[in-house]
Number of protein chains: 2
Amino acid sequence: MSVKKLTPRGKDRRRQLMDFAAHRFAENGYHPTSVAEIVSGLGVGKGVFYWYFSSKEELMLELLREAQHDLRRRQQQAIGDEPDPVERIALGMRASMAWFAENRHLYNLFEFARTEERFAGAMRRGQDVAVGDLVRHVKEGIVEGRMRDADPLMLTHAILGVTSQLAREFIHERGESGDSVADHAISFCLRGLLA
Amino acid sequence: MSVKKLTPRGKDRRRQLMDFAAHRFAENGYHPTSVAEIVSGLGVGKGVFYWYFSSKEELMLELLREAQHDLRRRQQQAIGDEPDPVERIALGMRASMAWFAENRHLYNLFEFARTEERFAGAMRRGQDVAVGDLVRHVKEGIVEGRMRDADPLMLTHAILGVTSQLAREFIHERGESGDSVADHAISFCLRGLLA
DNA sequence: CGTCTCCTTGACCGGCCGGTCAAGGGTTCT
DNA sequence: AGAACCCTTGACCGGCCGGTCAAGGAGACG
């Protein structure tokens, strides 16, 4: 049997660096977290960082890409081949909530990344993919007469807004579980406020 | 008649610093924008900055407080003494959209501030006020039987989520006008997705 | 054993950053 | 005039930051 190496190398090291940096960035902020802090937190020399990543910025970009990719996979897996567009939207929202519950720290990372020009591009690309996925379900729902005939892009962003705000407030901020929040989010999106 | 001073003093100087800094922070990021850049952009010496503000952080906090205060005043002014809780919510959303349209740059500032511990407190306080205002209308709407009997806090955050996401995407990002976006946001919040 | 490759070390560098302060200018009082 | 007050200047400081690099393991292979 293989034993855990005391000094990981290769991909393990990379993971270690990315995980640790992600947590520090999320808790402390990207700029206030220095490369020196990251490596000393892991008990290694600075050269290790620059062996695996060409810059702090590159590491950040990789974190963002990976997280977005992971979130999307989670959504698609949850949706599977569900035929009902309304149900697909609900499943996607539930999957997003669950993912945010399991990766609480990444919420801050996403939010920060959107505010800085050099990371905003990556975030926009990721969001465009999410919007693209979701808008298809919405359009289909409208065509099938299941949903109101409003601007699909607006509806899509409204759904994303509900999901991300409830994820922030109740999961990220208050530490509640994903499932109960998802139920509320879904019923709001489907039926709105009015009685 | 009084003429514009060539070298503003007192409150004018303060305003000048705050406005310029807010724009630089929003476009470039808080950390990447140095105090040196701010003062040289205004063509003044560094001492001016530290005459009016005790630190870069304090200036930032003041910007956040002022912006939140201004946004809230705008909402309250729009709502006036409207008796219908549903209409009050719609008026508040419309006012928020209009405010974001007129202060596009502040969106990034808010978003960044939430991600850094030392500013998160101020943001939370501001949001708590907004939630407090809004949740009252929601509760009243439920009591009056105008709205679905769901958790008022969830409904409130869902409304905020729709508002802020649509503001970000269509006003901040795409530069559309506030009014048309507000209509979509309101109708989504009231009636949801379903036909 | 030598050698090759892969990884690690940490002192070091140039540069920038937030913040200080002694000195002086401009206005407005008396 | 001259004193008092308010504002402005910009050189300067200590410290930290992202990034470099010569040197040196540690294991694999022959």
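Two residues are in contact here if their C-beta atoms, placed from the backbone, lie within 7 Å. With that rule, start on chain A, where 59% of the contacts between residues at least 6 apart in sequence join residues at least 24 apart. This is a predicted model, in which local features need pLDDT of at least 70 and side-chain atom pairs count only at pLDDT 80 or more, while totals for chains, interfaces and linings use all residues. Residues are numbered from 1 along each chain as its sequence is written, and chains are lettered from A and ligands numbered from 1 in the order in which they are written.

**Chain A as a whole**

Select chain A and colour by secondary structure: there are nine helices and zero strands, where helices (H or I, at least four residues) and strands (E, at least two) are DSSP runs numbered from the N terminus. Along its principal axes the C-alpha trace of chain A spans about 60 × 45 × 30 Å. Of the 195 residues in chain A, 40% are buried; a residue is buried if 20 or more other C-beta atoms lie within 10 Å of its own, exposed if 12 or fewer, and partly exposed in between, with C-beta atoms placed from the backbone.

Next, pick A:Arg13, which is located in helix α1 of chain A. It counts as partly exposed because 18 C-beta neighbours lie inside 10 Å. Leaving aside residues up to four places away in sequence, A:Arg13 touches A:Pro8, A:Val48 and A:Tyr52.

**A helix pair in chain A**

Now show helix α5 (residues 85–102) of chain A together with α9(A), which pack at an angle of about 145° with their axes 9 Å apart. These axes are lines fitted to C-alpha atoms, for helices over the stretch in contact, and the angles run from 0 to 180 degrees between N-to-C directions. α5(A) passes α9(A) in a right-handed crossing, a crossing being left-handed if the near helix is turned anticlockwise from the far one by less than a right angle, and right-handed if clockwise. On the α5(A) side the contact is made by A:Ala90, A:Met93, A:Arg94, A:Met97, A:Ala98, A:Phe100 and A:Ala101, and on the α9(A) side by A:Gly178, A:Val181, A:Ala182, A:Ala185 and A:Ile186. By class, the residues of this contact divide into ten nonpolar, one polar and one charged, where Ala, Val, Leu, Ile, Met, Phe, Trp, Tyr, Cys and Pro count as nonpolar, Asp, Glu, Lys and Arg as charged, and the others, Gly among them, as polar.

**Where chain A meets chain B**

Bring chain B into view: the contact takes 36 residues from chain A and 36 residues from chain B. On the chain A side, the elements that give two or more residues are α6 (105–115), α8 (152–173) and α9 (178–191), and α8(A) supplies the largest share, eleven residues. That side of chain A divides into 16 nonpolar, twelve polar and eight charged residues.

Select helix α7 (residues 117–143) of chain B, whose 27 residues reach 38 Å from the first C-alpha to the last, close to the 39 Å expected at 1.5 Å a residue, the expected span being 1.5 Å times one less than the number of residues. Within α7(B), the buried residues are B:Phe119, B:Gly126, B:Leu134, B:His137, B:Val138 and B:Gly141. What covers them includes α4 (56–79), α5 (85–102), α6 (105–115) and α8 (152–173) of chain B. After α7(B) comes B:Gly145, whose phi is positive, near 75°.

From there, move to B:Arg72 in helix α4 of chain B, which touches B:Val129 and B:Ala130, not counting residues up to four places away in sequence. B:Arg72 is partly exposed because 18 other C-beta atoms lie within 10 Å.

Show DNA strand C, which 19 residues surround, the closest being A:Val44, A:Gly45, A:Gly47, B:Ser34 and B:Ser55; a residue is near a molecule or strand if its C-beta atom, placed from the backbone, lies within 6 Å of it. α3(A) gives the most to this surface, with four residues.

Finally, turn to DNA strand D, where A:Ser34, A:Ser55, B:Val44, B:Gly45 and B:Gly47 come nearest of the 19 residues around it. Here the largest share, four residues, comes from α3(B), and the surface has six nonpolar, seven polar and six charged residues.
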